[in-house]
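Trainee: Please take one part of this model and go through it closely. Then set that part against the rest of the chain.

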Amino acid sequence: MKYGFWQTLSWIIIYLGLALLPTALAIGFQVPPARSFPAEFGAMLGLLALGVLAMQPAVSGRHRWFAEGAGMDNVLQFHRQLGIFALLLVLAHPAAMLSADPAYLAFLDPRADLMRAASLSFVVFATLVLVTSSLLRLTFGLSYERWRTLHGVLSLLIVTGGLGHALLVDNYFAPDWKKWVLVCLVGLGLLLILDSRLLRPFRMLRRPWRVVEVIQEPGDATTLVFEAEGHTGMKFRPGQFAWLTLGDTPFSLQQHPFSICSSAVRTDRLAITAKALGDFTDGLSEVKPGTRAWLEGPYGVFFHDAASSRGAVFIAGGVGITPIISMLRTYRDLGSDFPLCLIYANSDADSILFRAELDEIAAKLPLTLVYVLTKPPEDWHGETGYVDADLLDRYLPEDNGVIEYFLCGPPPMMDSVEPVLIARGAALNRVYSERFNLV
C-alpha cells in the first residue's frame, strides 16, 4: 500500500460519510413519529444497506480518483467484504421489521402496493444472487464474461430497486427535499456504473493498440507484444497492470487484468505474459499478429520507485515473475545501481520464465539471483525445495528500515513468506503482495 496513515484515514472517513448519509438524512432532519425500537432498528439496517450498495460502484469501478494508492487488489477485496455485509443488512432489514410488527408483511403483498412489494422482494433476491455468484463463481462454473454481465446488470437494478423502495415507503423520506438528496446520492452510484461500463470503453476508442508479436514461452506461457496506434501509448510504473480486451471494439465483456512485463522506459510498446490456466489465457497462444487490442490502465501499487536509491527484494513463484521482470528490465534500461535480490521459485527448470534474460540482467545490475526448484533435474546446482525461513536467511540482506519487499506467486508461498519477512524486521508498509486474484 502506497498510502500513508492520514491518507488512509481520510478515505475511510469519506467512505463512511457517504455510506451513512441516507441514515443521517433520515434521522437528522424532519424526523417522523418514532415507532418501536425493533422497527426503528430494522429501518436503520435498510438505510445502511442502501448507503453501502450505493457506494459499491465507487469501490469496484476502477476509478482513479478513489483510493488509488490503496492498491486495486486491496480495494476489490474491500468491495467483496462490503458485498457480504450489504447482503446481511438486506436480509436483516425485513427480518427485523417483521419481528417488530407482523403487519409489515403487507409490504411484501403485491395486492397492497405492487411497486413497493416488487422493489423490496427484488432487492433481497438480487442481492443474494449477486453476492453468492461473486463468491462462488468458479463453483457454479460461471465464466468471467457471464459473471461480469450478471454483476453489472444486477448492480444497476439493485441500487435502483433499493432507491425505489426507500422512496415508496414514504416514511423518513416523505419531504420532497429529502427525496431529491437521496436520489442524487444513489444516482451518483448509478452514474458510476454507467461510466465504467459504457463511457470508459467509449473513451478507449481513441487509444487502440495492435498485437505485433506472439511469443511462446516456457511453462505453457505466452507473451503478447502490443504497439500503440495513433497515440503515445501508456505511461506506467514497472510492476503495474492493465485490463486487456482483444477484438475490434472495447465494448466487450471479455476484459482481463494482466501485469505489464515490459520496461517502463518505452510507453508505446507494451507486453504481457500469461500462463494457460484453462480460461481466457488458453487462447492467447492462438492470437495472431495484427489483432486489434485495447488496454485500460495502468493500475496497482505493486511497484518500486526506479528513481530511488532504496534496495529491493523480490520473491516470485511461476508466472508471478511478470511484474517483477518489468521492474528489472526498467532498472537495466536506466542503469540503476542500488542492491537487488530476486528469489524465483518454480516446479522444474523447464518452467522458468525469462531465464536467459534474468541471467543477463544479473550480470549487468547488482542483483543477487536465486532459482529454487521443487522438482530439480539431476544436474541442478541451485536451491531446491520451497522458499522458507532458512532459505531467506541465507540470501536476504539484513533489513535496514528502507528495503522494500515484493511478493508475487502462488498464495501458499506468499502466505508462508510474509510472516517470515515481518519476523525479520520488515514493516508492513514495505511489504507488497500481488496475488493475481482480482476476478
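Mentor: The account below starts with one arginine and its strand, then moves to other parts of the chain.

The model is predicted, so local features need pLDDT of at least 70 and side-chain atom pairs count only at pLDDT 80 or more, while totals for chains, interfaces and linings use all residues. Residues are numbered from 1 along each chain as its sequence is written, and side-chain values use heavy atoms, with hydrogens and water left out.

The part to look at is R269, which is placed in strand 5. Helices (H or I, at least four residues) and strands (E, at least two) are DSSP runs, numbered from the N terminus. With a relative accessible area of 22%, R269 is partly exposed; buried means under 20%, exposed over 50%, and partly exposed in between, with a 1.4 Å probe and protein chains only.

Not counting residues up to four places away in sequence, R269 touches W209, V212, E213, V225, F226, E227 and S262. Contact here means heavy atoms within 4.5 Å. One of these residues, W209, is 60 residues away from R269 in sequence, yet the two C-alpha atoms are 9.1 Å apart in space.

A salt bridge is a side-chain nitrogen of Lys or Arg within 4 Å of a carboxyl oxygen of Asp or Glu. E227 counts as partly exposed because its relative accessible area is 28%.

Six strands form an open sheet in the order 4-3-6-1-2-5, with antiparallel pairing. Strand 4 (256-259) and strand 5 are the edge strands, each pairing on one side only. From one strand to the next, the twist averages 40°. Two strands pair if DSSP finds at least two bridges between them; strand 1 (residues 209-217) and strand 2 run antiparallel and are joined by 8 bridges. For I215, the bridge partner in strand 2 is T223.

K364 is exposed, at a relative accessible area of 55%, whereas E360 is partly exposed at 35%.

Another salt bridge joins D399 to R430, with the closest N and O atoms 2.9 Å apart. D399 lies in the loop between helix 10 (389-395) and strand 11 (404-408), and R430 in the loop between helix 11 (411-423) and strand 12 (431-434), so the pair ties together parts that are 31 residues apart in sequence. D399 is partly exposed because its relative accessibility is 21%, and R430 is buried because its relative accessible area is 8%. Elsewhere, salt bridges that share partners join D195, R200, R203 and E296 into one network.

Two further residues complete the picture. S196 is found in helix 7 (residues 176-204) and counts as buried because its relative accessibility is 13%. A polar atom of the S196 side chain lies 3.1 Å from the backbone oxygen of I193. Leaving aside neighbours within four places in sequence, S196 is in contact with G61, H63 and P201.

A349 sits in the loop between strand 8 (340-346) and helix 9, and is partly exposed at 21% relative accessibility. Residues up to four places away in sequence aside, A349 touches R355, L373 and P377. From A349 to D176 the separation is 173 residues in sequence and 69 Å in space, C-alpha to C-alpha.

Definitions and conventions: Polar contact = N/O pair within 3.5 Å; in protein donor to acceptor, adjacent residues only side chain to side chain. Axes fitted to C-alpha atoms, helices over the stretch in contact; angles between N-to-C directions.
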